[in-house]
Amino acid sequence: MTTKTTIVLFSGEYDKAMAAYIIANGAAAYDHEVTIFHTFWGLNALRKKENIKVNKGLLEKLFGKMMPKGADRMGLSKMNFLGFGPKMIKHVIKQHQAMTLPQLIAMAQEQKVNLVACTMTMDLLGLKEEELLKGIDYAGVAAYLAEAEDGHVNLFI
Amino acid sequence: MTTKTTIVLFSGEYDKAMAAYIIANGAAAYDHEVTIFHTFWGLNALRKKENIKVNKGLLEKLFGKMMPKGADRMGLSKMNFLGFGPKMIKHVIKQHQAMTLPQLIAMAQEQKVNLVACTMTMDLLGLKEEELLKGIDYAGVAAYLAEAEDGHVNLFI
Amino acid sequence: MTTKTTIVLFSGEYDKAMAAYIIANGAAAYDHEVTIFHTFWGLNALRKKENIKVNKGLLEKLFGKMMPKGADRMGLSKMNFLGFGPKMIKHVIKQHQAMTLPQLIAMAQEQKVNLVACTMTMDLLGLKEEELLKGIDYAGVAAYLAEAEDGHVNLFI
């Protein structure tokens, strides 16, 4: 039987998303069936970095402007220092030939990790499918629960 | 056999508590036996909004004053903007006819989700039973572990 | 069969680490096999409080200086108030004859909780084995996954 790993990625920080994707990629390498369910601020990890023109209301536009456009622009949960912290982390990642968050996400897609965007919170934050990376699935909490119920490792990050 | 879902709600933010209660309500709708174990700042989601007169020491009074009185007064984990963020979120929740946190909590109680307050952290933060909603259970870490041990989905939020 | 509990301690705050160690000690008391896998800021809970002389690059030194040296110096995730919050918490812990974080860590070691430091993030943050408490294991994400796969309670804190 395949081992299932499910991760709810709620947090919108570079370091927390890194942890989620490192665990996901590790589990996929061990042939787990892995799902990352992106909700709330975790959705930002899936945003394209380009400005995508979509029809939005005022609040939706505001949220869209204030939230980071994609993994590379996310801040740190600690020692962010107005954006200097992420630069430090990216520097040491290169020094140690480790993988950046965008690289970890690309690797997860190659390894067929199931990347899911929570449609309910997309609605709340005004995010549209055109703004997210290709190859993403769209689902609600019911789909998450169906996966998690058989999950061997279930985490909320 | 009933599927068990247990959530430790440690965080005291509106958005994180929303995520916890959305998962809990979803799981209850699928006939899971669901427990939310509120500890540390998560206890604030269970506070009554009224000022309740109880006998407290100085530090306990201070904690009581500084912590939000109930779900509706909690801030956001991101983009709080001195309280403007929660207003934005509540506005879009209404726009999308989604449920607010107090509504999600009421629904959980209707669905017989087991809402537990951690007695040890109540002591530390000086919270008394009179200050919390009706229909709450009171227990310690041992009770949580007994539930979680058979849990199919265990999350820490 | 032994029940397994695994906790990823990612967060570097006093209150979150307290929650992790209270759950871990509780589980160990019920004869669970317990592992706490410390990664990112969670590694700081394992630092010695003394200044340890080790050979480091500039960024590593900077990280080392900015991160708290050991459990006793960690801040709170809420109401930190420039360090006054932790003092308040430690005060009420004493009042209620509860255990401080350093005491909880010592108890976990006595109870043979498996304390693991994530070698990948040690590299990123420039932490060396000499700087961490004695009796720690060193491993990567693969070792964590091997434990978590059989875990009955898996949490990310």
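Q: Which conventions apply here?
A: This is a predicted model, in which local features need pLDDT of at least 70 and side-chain atom pairs count only at pLDDT 80 or more, while totals for chains, interfaces and linings use all residues. Residues are numbered from 1 along each chain as its sequence is written, chains are lettered from A in the order in which they are written, and side-chain values use heavy atoms, without hydrogens or water.

Q: Is B:T35 buried or exposed?
A: Buried means under 20% relative accessible area, exposed over 50%, and partly exposed in between (1.4 Å probe, protein chains only). B:T35 has 7% relative accessibility and therefore counts as buried. The residue belongs to strand 2 of chain B, residues 33–38; strands are DSSP runs of E with at least two residues, helices runs of H or I with at least four, numbered from the N terminus.

Q: Which aromatic pair does C:F10 form with C:F40?
A: Rings of Phe, Tyr and Trp (its six-membered ring) pair if their centres lie within 6.5 Å; planes under 30 degrees apart are stacked, over 60 edge-to-face, and the rest tilted. The structure holds 11 such pairs over all chains. C:F10 and C:F40 make a tilted one, at 5.1 Å centre to centre and 40 degrees between the planes. C:F10 sits in the loop between strand 1 and helix 1 of chain C, and C:F40 in the loop between strand 2 and helix 2, so the pair ties together parts 30 residues apart in sequence. C:F10 is buried at 0% relative accessibility, and C:F40 is buried at 1%.

Q: How many residues of chain C are in contact with chain A?
A: Contact means heavy atoms within 4.5 Å. By that rule, 26 residues of chain C touch 29 residues of chain A. The two chains bury about 2400 Å² between them, 79% of it on carbon and sulfur atoms; buried area is the accessible area (1.4 Å probe) that two parts lose on being put together, summed over both. C:W41, C:L124 and C:F156 supply 25% of the area that chain C buries against chain A, more than any other three residues.
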